[in-house]
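Subject: Structure handover

Hello,

Here is the structure for you to look through. My notes on it follow below.

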Amino acid sequence: MTALLNAPDARESAAARDRERLQGAWHFVTGRRKVQLLIIGDQFTARFNNGEVYVGTIDLDPTKKPKAMDMTVTDGPERHKGQVARCIYALDGDHLVWCPNEPGAGDRPKAFPPTESQQFLCVVFRRGPG
């Protein structure tokens, strides 16, 4: 019973650690679509090179394998407002691997595809200054 009561605490503690590690600007390294990502607190801004900008909130579950991130779009292209992009992510020092599904799609990617995958977007970022 104690393990069950502590599970949410462990998840929240791990989420707080990853949220702290995700703070700041992330610059595109490789992937099918060029995008810059900024995370401040639990807020994100994703700016794609085609001009689309998504703004919203993130919710992390680093206890999942692979780690899970839900990104709720509060502002952006009309077709995605109010939708949740179910993502997976991996942090390795100053690099972030991020693989979202289309906002509103029900399934989360189960594993990281090759960066040129046409099924899911997969982007590698490098931490930027500030």
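Which residues lie nearest the centre of the largest pocket? Phe48, Pro100, Asn101, Glu102 and Pro103 do, out of 20 residues that line the pocket. Please keep in mind that this is a predicted model. The space in the largest pocket comes to about 350 Å³. S3, S5 and S7 each contribute at least two residues to the lining, and S3 has the largest share, with three residues.

Now the overall fold. Eight strands close into a barrel, in the order S1-S2-S3-S4-S5-S6-S7-S8, with antiparallel pairing. On average, neighbouring strands of this sheet are turned by 35° against each other, direction ignored.

- S1 and S2 run antiparallel and are joined by three bridges. Glycine 24 has isoleucine 39 in S2 as its bridge partner. The hairpin that connects S1 to S2 passes through three residues.
- S2 (residues 35-40) pairs with S3 (residues 43-48) over six bridges, in the antiparallel sense. Leucine 37 is bridged to alanine 46 in S3.
- S5 (residues 67-75) and S6 (residues 84-92) are antiparallel and joined by six bridges. Methionine 69 is opposite cysteine 87 in S6.
- S6 is also joined to S7 (residues 95-100) by six bridges, and these two strands run antiparallel. Isoleucine 88 is opposite cysteine 99 in S7. In the S6 and S7 hairpin there are two residues between the strands, and glycine 93 takes a positive phi near 60°.
- S1 pairs with S8 in the antiparallel sense over five bridges. Here threonine 30 is opposite valine 124 in S8.

Next, the interior. In soluble globular proteins, nonpolar side chains tend to be buried together. The largest nonpolar core in this model has 24 residues, and Leu22, Leu37, Met69, Met71, Leu96 and Trp98 have the most contacts inside it. At least two core residues come from each of H1 (2-22), S2, S3, S4 (53-61), S5, S6, S7 and S8 (123-127). S6 gives the most, with four residues.

Methionine 71 is one of the residues with the most contacts inside that core. Leaving aside residues up to four places away in sequence, methionine 71 touches Leu37, Phe44, Thr57, Ile58, Gln83, Val84, Ala85, Cys87 and Trp98. Among these, Leu37 and Trp98 are also on the list of residues with the most contacts inside the core.

One more residue to look up is arginine 33, in the loop between S1 (24-31) and S2. Not counting residues up to four places away in sequence, arginine 33 touches Phe28, Phe48, Asn50, Glu52, Leu121 and Val123. Of these, Phe48 is also one of the residues nearest the centre of the largest pocket. Arginine 33 and glutamate 116 are 83 residues apart in sequence, and their C-alpha atoms are 9.1 Å apart in space.

That is what I have for now.

Regards

Definitions and conventions: Residues are numbered from 1 along each chain as its sequence is written. This is a predicted model: local features need pLDDT of at least 70, side-chain atom pairs count only at pLDDT 80 or more; totals for chains, interfaces and linings use all residues. Side-chain values use heavy atoms; hydrogens and water are left out. Two strands pair if DSSP finds at least two bridges between them. Axes are lines fitted to C-alpha atoms, for helices over the stretch in contact, and angles run from 0 to 180 degrees between N-to-C directions. A nonpolar core is a set of buried Ala, Val, Leu, Ile, Met, Phe, Trp, Tyr and Cys residues joined through side-chain atoms within 4.5 Å. Buried means under 20% relative accessible area, exposed over 50%, partly exposed in between (1.4 Å probe, protein chains only). Contact means heavy atoms within 4.5 Å. On a 1 Å grid over the protein atoms alone, a cavity is a set of points where a 1.4 Å probe fits but cannot get out, and a pocket is an open set with protein on both sides within 12 Å along at least five of seven lines; lining residues have an atom within 4 Å of a point. Grid points are joined across faces, edges and corners, and a volume is the space filled by probe spheres set on the points.
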